[in-house]
Amino acid sequence: MSSTPYSLFPTPSILAIAAHRDDVEQTCGGTLLVQSAAGFSTGILDLTQGESGTRGSASEREAEAIEAARILRVSHREALDLPDGSLQNTLENRLKIAAVLRRLRPRVVILPYWQGRHPDHYTTAILGYEACFAAGLAKLDIPGEPHRPYKILYASLYADVRPTFVVDITPHIETRLQALLAYRSQYGNQSQGAGLFVPEEEIRERTFSTARHFGLLAGVRYAEPFVQKEVALVSDLIHLPVASL
C-alpha cells in the first residue's frame, strides 16, 4: 500500500522519481525550486518508505517528506511500497510506477544516475526508465490512458561523470538546504549510524561546496548537475550560454 499522497493541484509537469525519501532533496531539490519559481508544477515519487534505513522509521520519514515537500513547493508527493534496501526491476514494480505516470502525466521525469554505491539508486534509474516506456503501451493492463514523458533526465550530483548541463540554483540554495534538514531523523546528530552519516555541523558546508563546484563549471555560484542520453539540437549558435574563454 502506498502512503497517503501530499497533493496540491495541478498535477506535476516535472516529476522526480527516487528510491528513498530525501534522495530528491540531496540531488535535485534546487532544480525543483527553480522550476516552481518559473511557474511549472513539480512532484516527487519516492519508491520506498524507509522501513530498512539505519535511522528513523517509515512513519517519521513520511512526516519529514511532507514537510520537505512543502519547503520545495512541490504540487504532489507520494511513496510506493517497494522494499527499501531490496529494490528490484520486476514487471510488478514497473507496472506500479507506470500507473502513477499515467495518473500524473508528467512531461519531464528526473531519475537518479544509473551508476552509484547504493543498489536501490541505480536500480531506480533502470526501473524508472522502463516504467516510462511501459506507461505508453496502449494494451498494458493498468488504469489510465497511455502516456510517455517527453524527456527523461538523470540527476548526477553524486556520480563521477561530466554533466550534460547544470541548473543554476543560486537563488534557492538556502531553501534547498532547509528541505534537506527537514529530515531530522537522518541528519540530526545521534549515535546511531554515526560513521555512515555526515555530522550535522558539516552538512551545510558539504552541500554548498558541492553545489559551488558544479556552479563554477558554468560560471554561476551554485548549481545542480544532470545528464541526458540524447544529443541536444541547437539552431542558434549566437546565444548559446556559457562562454568558452
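## First stop: a tucked-away serine

Start by selecting Ser 156, which counts as buried because its relative accessibility is 2%; buried means under 20% relative accessible area, exposed over 50%, and partly exposed in between (1.4 Å probe, protein chains only). Ser 156 sits in the loop between β6 (151-155) and β7 (165-168). Those labels come from DSSP runs, numbered from the N terminus: helices are H or I runs of at least four residues, and strands are E runs of at least two. Now show what surrounds Ser 156: leaving out residues up to four places away in sequence, it touches Tyr 113, Val 161, Pro 163, Pro 225, Phe 226 and Val 227. Here, contact means heavy atoms within 4.5 Å.

A quick word before moving on: this is a predicted model, where local features need pLDDT of at least 70 and side-chain atom pairs count only at pLDDT 80 or more, while totals for chains, interfaces and linings use all residues. Residues are numbered from 1 along each chain as its sequence is written, and side-chain values use heavy atoms, with hydrogens and water left out.

## Zoom out

Show the whole protein chain as a cartoon and you can look for 8 helices and 8 strands. Of its 245 residues, 49% are buried. Next, think about contacts between residues at least 6 apart in sequence: 79% of them join residues at least 24 apart.

Go back to strand β6 and pick Lys 151. Is Lys 151 buried or exposed? With a relative accessible area of 18%, Lys 151 is buried. Setting aside neighbours within four places in sequence, Lys 151 is in contact with Arg 107, Val 108, Val 109, Gln 228 and Glu 230.

Then jump to Ile 44, in strand β3 (residues 42-46). Ile 44 has a relative accessible area of 0%, so it is buried. Not counting residues up to four places away in sequence, Ile 44 touches Leu 15, Ala 16, Val 24, Glu 25, Leu 32, Leu 72, Val 74, His 76, Arg 77 and Glu 78.

## A covered helix

Leu 32, one of the residues that Ile 44 touches, is also among the buried residues of α2. Select helix α2 (residues 29-37), which is mostly covered, with 7 of its 9 residues buried. Color these ones: Gly 29, Gly 30, Thr 31, Leu 32, Leu 33, Val 34 and Ser 36. After α2 comes Gly 39, with a positive phi near 100°.

## Helices that pack

Two packed helices are described by the angle between their axes and the distance between the axes. The axes are lines fitted to C-alpha atoms, for helices over the stretch in contact, and the angles run from 0 to 180 degrees between N-to-C directions.

Select α4 (residues 91-104) and α5 (residues 119-134): they pack at about 60°, with axes 8 Å apart. That makes α4 oblique to α5. (Angles under 35 degrees count as roughly parallel, over 145 as roughly antiparallel, 65 to 115 as roughly perpendicular, and the rest as oblique.) Show the side chains where Asn 93, Arg 94, Ile 97, Ala 98, Leu 101 and Arg 102 of α4 meet Leu 127, Glu 130, Ala 131, Cys 132 and Ala 134 of α5.

Now switch to α6 (residues 173-181) and α8 (residues 200-218), which pack at about 135° with their axes 11 Å apart. That makes α6 oblique to α8. The α6 side of the contact is Ile 173, Glu 174, Arg 176, Leu 177, Leu 180 and Leu 181, and the α8 side is Ile 203, Arg 204, Thr 207, Phe 208 and Ala 211.

Ala 68, Ile 71 and Leu 72 of α3 meet Thr 175, Gln 178 and Ala 179 of α6.

## Last stop: cysteines

Finish with Cys 132, buried because its relative accessibility is 2%. Cys 28 counts as buried at 2% too. How many disulfides does the structure hold? The count is 0, where a disulfide is a pair of cysteine sulfur atoms within 2.5 Å.
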